[in-house]
Amino acid sequence: MSADLSVKQSPSPIVVENQTVGVNDIPRGTVRNPADLVAAITCAVGIIVVCLVVVLAHNTTEGLTQDVAGAAVILRRIIGVPVTFLEMLVIAVPPIAVGIDLLVRRYPMVAFQGLIATIGGIILAVGLDVGVRTFAPAPLVTGLSVLPDAVTIPGSIAAITALLTAVASPARRRSVTWSWNLMWVYVVVAVVTSAVSLPGMAIALIVGRMAGYIVRYTIGVASRRAYGSSLIEGIQRAGFLPLSIDRVSTLPVSEIVAKAPGVQTPQYFSDHRLYLMKTVTGNLYNVIVLDGDRQVMSTLSRTWRYLRSRARGRGGLSFRQTAERTALLSYAVRSAGTMTPAVLAIAEADDSMLIVREATPSSRSFGDLRETEITDELLKVMWDQLLKSHRSGITHQALTADCFRITGDPILAGRGAGVGVWVLGWEAGELASSELGRRMDLTQMLALITTKVGVTRALDSAHKAIKPKELAELVPLLQIPAIPKATRDEMGNAKEVLNELRAALSQELPGVVTTPEQITRVGGRTILMAILIAVLVIVVLAGFNYEEVAAAIMAADWRLMLAAFGLGLVGFIGAAITFIAYSPVRLSFWKVCVCQVAAAFVSMAAPAGFGPAAINLRILQRKNVPTPKAAATVALTQATSVIVVLLALVVVTALTGSSQLASFEITPGLLIGVLAVAALVGTIMSIPKTRNWALERVTPILKQTWPRLVELFSSPLRLAVGVLGQIIGGLAYIGALQLSIMAFNVENVSFLGSAIVYMIGTSAASLLPTPGGIGTIEVTQTATLASMGVNAGVAASTILLFRTLTFWVRVPLGYVAYRWMRRIGEL
């Protein structure tokens, strides 16, 4: 995206401190504050949470209400005022006081806004009251009632809360403050005297707040942004004497490129204002204005980028911190030798932060250059500018075509003429960035150049700029989430272009790791799984028989619990045996065992199975095993473990003589489930796009593991030892689960049933990865165990015990092992 000056109206002269300044701007009297929308959504969630608490913890809320009501007699003696009289005061005084105050201060629109909010609060409260009476389950109706079947969600409280929320402003009005105080007195008295139930009062307050926020966002609130004289005074406090200030819009830059140099920072346009300032000395500067009412969107956007990318730093920052961070990045980048506009001053005006920045010379965006204009010399300069910042530990994180501004003629650069490359948009960058952040920058740079000159020239320029090893490390990052949207749009079919880049690099650098790297903290599957887990948890809790669960816990056998914990530790030995057998170099058995214990700590921050894989990969790298070969060994260990566990399940079933398979009944539901899975697999493999997607996920793993698998087949003893270790590990965890089930005196689940429960949980954790399998394993294993006839509450307690013994208790042990192995240089 580019920029242009808004020239739709002539500059308005403003006199500030005997100085006339021409301002070309369109101030906004009212704004829609995204914080109000976020608050309204939060209130809606709060209503749902209160209702869930009332339903799931009915005894607790009822007891709390009775405890509060116990003080009713004492309170009546102290105040001596009927609750009805207080309610009349709350209903009458705040609207009158606030209305008169607003009309006297000549804020009729704010008064009208408060009236709309009051009506909205009443409608929402009455509608919710009717909905609860008609559709809600009995526990919710009882929890919101004072008398039997008499739901109380006081509409008066919702109305007054909506009114006071809608007319609130940063400039505190005394009438609003005293109205809040009066209303809180009534809220306390009404709850204590049992005039209203505690959950009903909470819902009324939240409903009122939600109505007020909805009206504020729909109609808008008075703007407190810095415009006109306030903007000029802020700039003057920063040490500049403006002659003219022109607002920059988002029209094509080609029309005014000569008139407005330096107006090319696309990242600011989405959430902030940008001005071109001319001082009395004739110098040009950019003024970036960060408005406080837009800070919520900036915080949410930054938080989302943090969740989407492991290369990002922390999420939320205040708008003052954002301005200070922008200045710090500018100073650091320039100190590194990269050409970027300098931040010259920062000032505050009203609810805005002003950043005065140096304007760049007249330039062209990299995206506007034709392919014939992009010379090898220009590409070299672009790479050099980026690498200078990397050498100082600074990464950009959002490289797009508009971030590179070209001064001079690129074609003449090869004939001795100078060409300059300015790098803009550092406000999204990171100081003291991680290695992943540096690799992400290089990946974005490679993809950006590919959009203009094609794969061949892009790779040639990369080979000249960075080492082959660094280039090989970019292959796992050539995926959609790593590339900015603007670059993906320029690519057209981004997936195809990235596959072409990956294939070309694989051909040039044999043995390179092509398996996509996990670069997102939170993905679509994680969000979906979180929703499913929340729904399943609610269902499980709703089916809890608390008396039966309490009795089962009290009767649980602590000796079986201790045995389950010890048997779970045997899993570390099995994992160590397998890894040593598959390793291409000799390893110390006891050190590998300790490293497997350390993996229990790493698993807290990695999806299920990734913690041990990361530790094993690090062990091989410390032994100077080439990364491709080490990754292939780890992938082989992970892949064969699934096959071995399945085969071991069949063998154990035959050896134990279990009759569970013989008596296994194929129910219509099970048959439908199997047919649905078969139909899904068939559909995926029959559609070209989905088939290619599946092959893209499977083929790199097969290419990596196949050479190592062939090597293992040539050594049957090593293969047998590795299989033995995997059998030991799998049976150890299944045995620990069986002992956990037996500890709760559950006798109708066989060893085979425990194996099925364990395998379903681990399979779900692989398909929908969460850190350590947290949530995924618990919910799926609880549901599976409950389907075998175990009470839902006892099943949840059993799985919680199993996970505590085989995951949570081992985390501190893993931390100690991890720190010790790091100290002795094994990790």
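Mentor: Start with Arg438, which counts as buried at 15% relative accessibility. The cut-off explains the label, because buried means under 20% relative accessible area. Keep in mind that this is a predicted model.

Arg438 forms a salt bridge with Glu470, and the closest N and O atoms are 3.4 Å apart. This pair links distant parts of the chain. Glu470 sits in helix α17, residues 468–472. Arg438 sits in helix α16, 32 residues apart from Glu470. Glu470 is partly exposed, with a relative accessible area of 22%. Salt bridges with shared partners join Glu435, Arg438, Glu470 and Glu473.

Now take the other bridge of Arg438. Its partner is Glu435, with the closest N and O atoms 2.5 Å apart. Both residues lie in helix α16. They are three residues apart, so about one helical turn separates them. Glu435 is partly exposed, with a relative accessible area of 43%. Side chains of opposite charge can pair when their charged atoms come close.

The side chains of Arg457 and Asp376 meet at 3.1 Å, N to O. Here too the pair links distant parts of the chain. Asp376 belongs to helix α14, residues 376–391. Arg457 belongs to helix α16, residues 435–465. Asp376 counts as partly exposed at 46% relative accessibility. Arg457 is also partly exposed, with a relative accessible area of 25%. In total, the structure holds 15 salt bridges.

Arg618, Arg622, Arg819, Arg822 and Arg823 gather in a surface patch of positive charge. Residues in a patch have no salt bridge. Two helices, α24 (610–622) and α32 (810–823), each supply at least two residues of this positive patch. The largest share, three residues, comes from α32. Take Arg822 as one of the patch residues. Arg822 is found in helix α32. Its relative accessible area is 46%, so Arg822 is partly exposed.

The surface has a nonpolar patch as well. Met109, Phe112, Leu115, Ile116, Ile119, Ile123 and Ile219 form it. Together these residues have about 650 Å² of accessible area. Helix α5, residues 108–135, gives the most to the nonpolar patch, with six residues. Ile219 has its place in helix α9, residues 198–219. Ile219 is partly exposed, with a relative accessible area of 35%.

Asn33 lies in the loop between β4 (30–31) and α1 (34–56). Asn33 counts as buried, at 17% relative accessibility. Its side chain reaches the backbone nitrogen of Ala35 at 3.0 Å.

Back to the starting point. Arg438 is buried, whereas Glu435 is partly exposed. Glu470 is partly exposed too.

How values were computed
Residues numbered from 1 in each chain as written. Predicted model: local features only at pLDDT ≥ 70, side-chain atom pairs only at ≥ 80, totals over all residues. Heavy atoms only, no water. Patch = residues over 30% accessible without salt bridge, like charges linked within 9 Å, V, L, I, M, F, W, Y side chains within 5 Å. Areas by Shrake-Rupley, 256 points an atom, 1.4 Å probe, with all protein chains shown as cover. Salt bridge = Lys/Arg side-chain N within 4 Å of Asp/Glu carboxyl O. Lys, Arg positive; Asp, Glu negative; His and termini not counted. Charge placed at Lys NZ, Arg CZ, Asp CG, Glu CD. Helix = DSSP H or I, 4+ residues; strand = E, 2+ residues; numbered from the N terminus. Buried < 20%, exposed > 50% of the residue type's maximum accessible area, 1.4 Å probe, protein only. Polar contact = N/O pair within 3.5 Å; in protein donor to acceptor, adjacent residues only side chain to side chain.
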